[in-house]
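Let's walk through this structure together, from its sheet to its salt bridges and its cores. Have the model open as you read.

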Amino acid sequence: RVFVPSKDFGIGTSGSKITGAMTVQVVKRDQLVPEAVTSPAQIRGLYLVQPVVKGEQQTLRRFAKAKEQGIRSQLAGKQRAVQVSGDTNQVLAGTLTPGDRVDVVANIKNPQNNTDVRAVVVLRDLRVLQTENGDAGASIAKSEASDQHAVLLGMTDEQSQRMLFAMRNGDWSLQLRPVKKP
């Protein structure tokens, strides 16, 4: 006997909520997945760190304690969490909250002509994972003697290379994307 969900659930859903929408399914021993959920009590107090699909066997590997979720549970595949620091205006300090989407705009010099400087959007639609205020968990440490602020952004490995280039080779800033009809 294993328990399977009667509908899909996304990351962050509590195990208690899922247990209310589970049905019992009998499977042959050779079809039983490792660490299968065989009792709803096993997932109470836990949260999903991977999405689940209706009708599939649940494993304890898809769940974690609340304190274990954090930023790591939001990353998969080529995604990276990149901490970006800059002055108040560059990182929109005090404005951004986790879940916001931002673009990175940079002034980049032409390597063959230093007088040719262009403002371009180098990255689009990056997700804000965390701010200094700690809205998404532990706060980002900040030096008291510095005017620098930090924000944690979610991006692919290729985007992180572009971000590093913009930070090292030009002036850059984050721009908040609209939330209505983005």
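A word on the ground rules before we go on. Residues are numbered from 1 along each chain as its sequence is written, and this is a predicted model, in which local features need pLDDT of at least 70 and side-chain atom pairs count only at pLDDT 80 or more, while totals for chains, interfaces and linings use all residues. Side-chain values use heavy atoms, with hydrogens and water left out.

Now for the overall plan. The protein has three helices and nine strands, where helices (H or I, at least four residues) and strands (E, at least two) are DSSP runs numbered from the N terminus. Read from the N terminus on, the elements follow the pattern β-α-β-β-β-α-β-β-β-β-α-β. In contacts (heavy atoms within 4.5 Å) with a separation of 6 or more, residues 24 or more positions apart account for 64%.

Let's turn to the sheet. Five strands form an open sheet in the order β5-β8-β7-β6-β9, with antiparallel pairing; two strands count as paired if DSSP finds at least two bridges between them. At the edges are β5 (79-86) and β9 (170-176), each of which pairs on one side only. On average, neighbouring strands of this sheet are turned by 40° against each other, direction ignored. Such angles run from 0 to 180 degrees between N-to-C directions, with axes fitted to C-alpha atoms, for helices over the stretch in contact. Strands of a sheet pair through backbone hydrogen bonds, either parallel or antiparallel.

We can follow the pairings one by one. β5 and β8 pair in the antiparallel sense over eight bridges, and Arg 80 has Met 155 in β8 as its bridge partner. Next come β7 (residues 113-131) and β8 (residues 149-156), antiparallel strands joined by four bridges.

How much of β8 is buried? Seven of its eight residues are buried, so this strand is mostly covered, with buried meaning under 20% relative accessible area, exposed over 50%, and partly exposed in between (1.4 Å probe, protein chains only). For the protein as a whole, 35% of the 182 residues count as buried.

That brings us to the nonpolar cores, each a set of buried Ala, Val, Leu, Ile, Met, Phe, Trp, Tyr and Cys residues joined through side-chain atoms within 4.5 Å. The largest has 19 residues, of which Val 104, Val 151, Leu 153, Trp 172 and Leu 174 touch the most other members. The elements giving two or more residues to this core are β5, β6, β7, β8, α3 and β9. A second, separate core of eleven residues includes Phe 3, Leu 46, Leu 48 and Val 52.

Finally, let's look at the charged side chains. Side chains of opposite charge can pair when their charged atoms come close. A salt bridge here is a side-chain nitrogen of Lys or Arg within 4 Å of a carboxyl oxygen of Asp or Glu, and by this rule the count comes to six. One of them joins Arg 101 and Asp 125 (3.9 Å, N to O), linking strand β6 to strand β7 across 24 residues of the chain. Arg 101 is partly exposed at 34% relative accessible area, and Asp 125 is partly exposed at 38%.

Asp 125 also forms a salt bridge with Arg 177, with the closest N and O atoms 3.6 Å apart. Arg 177 lies in the segment after β9 and Asp 125 in strand β7, so this pair ties together parts that are 52 residues apart in sequence. Arg 101, Asp 103, Asp 125 and Arg 177 are linked in a network of salt bridges. Another salt bridge is formed by Asp 116 and Arg 118 (3.2 Å, N to O), and Arg 118 counts as exposed at 52% relative accessibility.
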